[in-house]
Every structure is written in C-alpha cells, then in structure tokens.
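The following note sets out several points for a colleague who is examining this model. Please read each point beside the sequence and the coordinates.

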Amino acid sequence: PNYGLPDEGARRATGPAGKLLMRLAAGESYSWEPANEAQGLYWATTYPTSSVIEMLRLMDRVDASLPLESPQRWLVIYSDQDDVVSPQAIRDTLKQVNARDVQTLLVDTSNDTSHHVFTGDIMAPHSTADTVAAIVDFIRRPVP
C-alpha cells in the first residue's frame with residue numbers, strides 16, 4: 001500500500017505550481033534502467049513527470065477516504081526496506097485501522113534494488129509461490 005512516500009516533501013507537487021516545480025526539478029520525463037531484459041521489455045521505464053503528480057493526487061484522495069473502521073479483514077504485504085513507498089507510513093496507518101483482522105506479511109525484496117517489487121516472474125520469481133500461498137492461507141483462514 002502507498003500510504004506515504006519516503007520523501008514527504010514530494011507531496012508539495014500537488015500544491016500550487018506543482019507541475020512547474022516538478023518539471024524544473026525532474027524534467028519532462030522520468031526514466032530508469034531496467035534490472036533485467038524482461039523488465040525492459042514489459043515495464044514502462046520512461047514516463048512523464050506529470051504522472052507522478054497524478055499518483056500523488058490519488059494518494060491524497062485515498063488518504064482522505066481511507067475507512068479506518070472496516071468490517072473487512074486486511075492482509076497487507078510489504079517490505080521494511082521499501083524505497084518507493086514509506087514502510088513507516090504503512091505501519092502508522094495500520095495502527096489506526098480498526099478491522100476484524102489485520103495481518104501483515106513482510107517479504108524478501110533482495111532481488112529488487114528499490115525493495116519494492118516482491119513477487120512476480122520478472123523481478124521475484126523466488127517468492128511468487130510463497131506470496132500466493134500466504135494470500136490463499138489468509139483467505140481460507142476462519143474469520144476471527
């Protein structure tokens with residue numbers, strides 16, 4: 001879950017002159033080098049910096065409407081070393097959630113330099129089966 005970014009200053013990009021500031025700071029587009037051939041083939045490695053602002057606006061909207069009282073069970077899967085989203089923001093949000101059952105699963109992200117991608121054939125095939133098994137186990141477990 002993206003409940004916050006490691007650099008909270010980035011949220012200023014949704015304010016007045018945010019697009020201009022983002023363009024001045026980062027340019028028209030953001031690019032990164034893929035970790036492997038498959039990632040380069042199937043993932044977008046260049047995108048407009050304006051899309052970052054839209055993602056930040058979505059975060060603001062979700063934060064404002066997050067149901068902290070929830071009749072649903074929650075399974076939250078994340079890495080404590082994540083450099084893309086804030087693990088501390090995830091933990092802080094989960095402390096506020098009043099749900100029937102809140103389970104967390106910390107995952108191994110050693111194959112990803114940003115520690116953000118924890119499953120899938122392209123970046124983490126070593127953990128896909130374990131992640132799927134944990135999700136299935138959570139779904140099948142009796143509701144407390």
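1. Terms and basis. A residue is called buried when its relative accessible area is under 20%, exposed when it is over 50%, and partly exposed in between (1.4 Å probe, protein chains only). The model is predicted: local features need pLDDT of at least 70, side-chain atom pairs count only at pLDDT 80 or more, and totals for chains, interfaces and linings use all residues. Residues are numbered from 1 along each chain as its sequence is written, and side-chain values use heavy atoms, with hydrogens and water left out.

2. Overall architecture. Helices (H or I, at least four residues) and strands (E, at least two) are DSSP runs numbered from the N terminus. The protein chain holds five helices and four strands. Read from the N terminus, the order of these elements is α-β-α-β-α-β-α-β-α. Taken along the principal axes, the C-alpha atoms fill a box of roughly 50 × 40 × 20 Å. Of the 144 residues in the protein chain, 28% are buried.

3. The largest pocket. A pocket is defined on a 1 Å grid over the protein atoms alone, as an open set of points where a 1.4 Å probe fits, with protein on both sides within 12 Å along at least five of seven lines; lining residues have an atom within 4 Å of a point. Grid points are joined across faces, edges and corners, and a volume is the space filled by probe spheres set on the points. The largest pocket contains about 960 Å³ of space. It is lined by 32 residues, of which Tyr-30, Tyr-47, Val-52, Met-55 and Val-84 are the closest to its centre.

4. Composition of the lining. For this count, Ala, Val, Leu, Ile, Met, Phe, Trp, Tyr, Cys and Pro are nonpolar, Asp, Glu, Lys and Arg are charged, and the others, Gly among them, are polar. The lining of the largest pocket divides into 19 nonpolar, nine polar and four charged residues. H1 gives the largest share, five residues. Both H1 and helix H3 (50-65) supply at least two residues each.

5. Val-52. This residue belongs to helix H3 and is partly exposed, at 22% relative accessible area. Val-52 and Met-22 lie 30 residues apart in sequence, with a C-alpha to C-alpha distance of 8.8 Å.

6. Leu-21 is located in helix H1 (residues 18-26) and is partly exposed, with a relative accessible area of 48%. Patches are made of residues with over 30% relative accessible area and no salt bridge, like charges being joined within 9 Å and nonpolar side chains (Val, Leu, Ile, Met, Phe, Trp, Tyr) within 5 Å. Accessible areas come from the Shrake-Rupley method with a 1.4 Å probe, and for residues only the protein chains shown count as cover. Leu-20, Leu-21 and Leu-24 make up a nonpolar surface patch whose accessible area together is about 320 Å². In the segment before H1 lies Ala-17, which has a positive phi of about 65 degrees although it is not a glycine. Ala-17 is partly exposed, with a relative accessible area of 48%.

7. Salt bridges. Side chains of opposite charge can pair when their charged atoms come close. A salt bridge is a side-chain nitrogen of Lys or Arg within 4 Å of a carboxyl oxygen of Asp or Glu, and the count by this rule is five. One of them joins Arg-23 to Glu-28 at 3.3 Å, N to O; Arg-23 is partly exposed at 39% relative accessibility, whereas Glu-28 is exposed at 56%.

8. Two further pairs. Arg-57 and Glu-54 form a salt bridge in which the closest N and O atoms are 2.9 Å apart. Because these two residues are three apart in helix H3, about one helical turn separates Arg-57 from Glu-54. Asp-80 and Arg-91 also meet in a salt bridge, at 2.5 Å, N to O. That pair links distant parts of the chain, 11 residues apart: Asp-80 is in the loop between strand S3 (69-78) and helix H4 (87-96), and Arg-91 is in helix H4. Asp-80 is partly exposed at 39%, as is Arg-91 at 28% relative accessibility.

9. Gln-103. Strand S4 (residues 98-106) contains Gln-103, which is partly exposed at 29% relative accessible area. The C-alpha atoms of Gln-103 and Arg-73 are 8.1 Å apart, while the two residues are 30 residues apart along the chain.
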